[in-house]
Amino acid sequence: MEEIMQEETILSSEDRLVIRRAADSSKYQDSPVPAELIEALSDDLTSFVFVPYSTKSKLSSLYGPGLDFVALVSADWKEAYERGVLRMHNERTISFPTHIEMANGEAVEVSIAQNLQEGALPWFLSYVPVVEHMKLRRDIEGDASDEGPKAPYAKSSLPPLFERGFEAMQESEDYLVGPVPQSVVEELESFADSLSSFAWVAQRWSEKIAECAKDDIDVLALLDRDWKFALSNRVLRYYEGKVIFPVSILRDDKETLVEVSLKRDREADRPGVMPWHVCFVDDFPRQKVRAGRALTDWAYLGNMDALVENLSEFALDEKWGFERDGEPKEYSILKSYLTYTFYRLQSEGKVLEDEEKGIAAFNTGLVDPTYEAIYACFSPSNMEQPWRFEAFCKAGSKMWGKKLVASFDPLPQRAAYFEKKEDLLFDGNRTLQRDVDHILLDNIDRLPEAFLAEELRGADDAIEALSRAVNAQDESSRRGAYDELRDAVESNVRIKRRLINRLDDAIELAQKRVEWNFKTAVPAFYPTKNTMSLLLPLDLTENDQPDVALVVELMESGAYIGQTILTMKMAYNNARLICRPDSDWLNTSLRVSDEEEG
């Protein structure tokens, strides 16, 4: 009797009200748990649900430090179970509300999923949100205490429909070159106008959109409204099997709209599963000038191969190709270096132009065998680009070197990348988190085939998709197969956990290598984000050779985050922008894969 009384007093009447209110939301009414499945469950969460170690810290943050979070989540489950406030997230996952309120008055959700591991409890706690990414009611109430039950906060009004922003997106290159196939458009038009009627929006993407809006808006209402406008006006694009459309929220560049990606659900034929789901929210600031095209948009270069060969002969001797780059004299590294060095210089305002004197120039950052700086000089062009390449030179030497000195004082400066020692050195005392989904799912095509084949054992659908991806005869088939592989991994909790464990082992080993030799962490510049990062070697196949590089960024909080992975070739190119890597693992002798060659 005492135990029953204790369970009942864990949740207050206000806490229970938060859970009960969730029953009125459309997402719970539209996705009920089948009665036969409910009967197979129990109101005692711990009797059939395993709580993984990795979720316990998230539970502690959700419920508050020092509290019995297992007892609290169990009490929330019992209330939700008894009141029928459960919903099917997908065929194998059930979501339920907790008594923790978000700032908009909605209950924070957690999820349980069927456990495929033999000999274990039949379900496990599969999803607990990261509260640091959420705005909770307790955060804005502070220490204030009100008497009586709390009314839910009214959601903020939606941002106005940004029609001009939609028009700009429609006229952009991505939308012009990536039209949605007519058959897909017809399928989407066959659904009701509201996106929420046919596409599932997971809580993490809903939170992401609200975070982008910087307000507690009704995310589903925004998606329904903007999807209707985007579909009717064909402001859609297609990329690797995904339908992408903008919403009326500006990115941090203050010019480009945030985009939402939709993807078919591979289990759409199963009862209760919506045919599409939101798979990504892109809020990354767009570059006004595409990094890879900045130089060729600015100047006519003529024969690029001849230009870089000329530069390599002028500069201090260095190997500008990889071991499997075919011809002995191959300059893929130098091409990348020159392209992205110019982009960095242009963004820093270090590309000097003087139309009256008929010269433009920039510092290549390279030196000749006597360590004299090498400059690239240009003359006005009558072509589409405003400038035309003329010569590489040293200051004061020959015609263009003399014209350079006569035109600019001071001379063009080198690109600058780092501002503080933290840009160059990895601090092992700081916490290192990692973006598991981006590394293992979004970039699954960068992972070594041997690693995937080993870790996907037992998952026939994943192994089959991997085989099709590796043996694909064209890029479209390859991308489609990798999309199927991503879906197979994401829906198989056992396999995904296995991949995460192997990733964490490799990261731990990389950190130990840095402790032994600080040069293991290689500084690099990430052109598409215009940021500094550190590269750590990840040995996933356990052959004492790194397979990919982990891109580590230092966040404002003081913690590191492993944002993504790069192939070895990509890693070297990014590191070479800073200087020639002095590393025992990242150098031009590394053997790159055939995919990198393409």
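Strands β14 (373-380) and β15 (387-393) each supply at least two residues to the lining of the largest cavity. Keep in mind that you are looking at a predicted model.

**The cavity**

- Searching the whole structure turns up one cavity of 30 Å³ or more.
- The space inside the largest cavity comes to about 40 Å³.
- If you want to find the largest cavity on screen, look for its lining residues: L295, L301, L307, L338, F362, A376, F378, F389 and F392.
- What kinds of residue make up this lining? Nine are nonpolar, while none is polar and none is charged.

- Side chains of opposite charge can pair when their charged atoms come close.
- K27 and E109 form a salt bridge, with 3.8 Å between the closest N and O atoms.
- This pair ties together distant parts of the chain, as K27 sits in helix α3 (residues 26-30) and E109 in strand β4 (residues 107-114), 82 residues apart.
- Are the two partners buried or exposed? K27 counts as partly exposed because its relative accessibility is 26%, which lies between the cut-offs of 20% and 50%.
- E109 has a relative accessible area of 3%, so E109 is buried.

- R83 pairs with E79 in a salt bridge whose closest N and O atoms are 3.3 Å apart.
- Where do these two residues lie? Both belong to helix α6 (residues 69-83), and they are four residues apart, about one turn of the helix.
- R83 is partly exposed, since its relative accessible area is 48%.
- E79, in contrast, counts as buried, with a relative accessibility of 3%.

- K263 forms a salt bridge with D483, and their closest N and O atoms are 3.9 Å apart.
- Distant parts of the chain are linked here too: K263 is in strand β9 (residues 257-264) and D483 is in helix α20 (residues 475-491), 220 residues apart.
- Both K263 and D483 are buried.

Technical notes:
Residues numbered from 1 in each chain as written. Predicted model: local features only at pLDDT ≥ 70, side-chain atom pairs only at ≥ 80, totals over all residues. Heavy atoms only, no water. Salt bridge = Lys/Arg side-chain N within 4 Å of Asp/Glu carboxyl O. Buried < 20%, exposed > 50% of the residue type's maximum accessible area, 1.4 Å probe, protein only. 1 Å grid on protein atoms, 1.4 Å probe; cavity = no way out; pocket = protein on both sides within 12 Å on 5 of 7 lines; lining within 4 Å. Points joined across faces, edges and corners; volume = space filled by probe spheres on them. Nonpolar A, V, L, I, M, F, W, Y, C, P; charged D, E, K, R; others polar.
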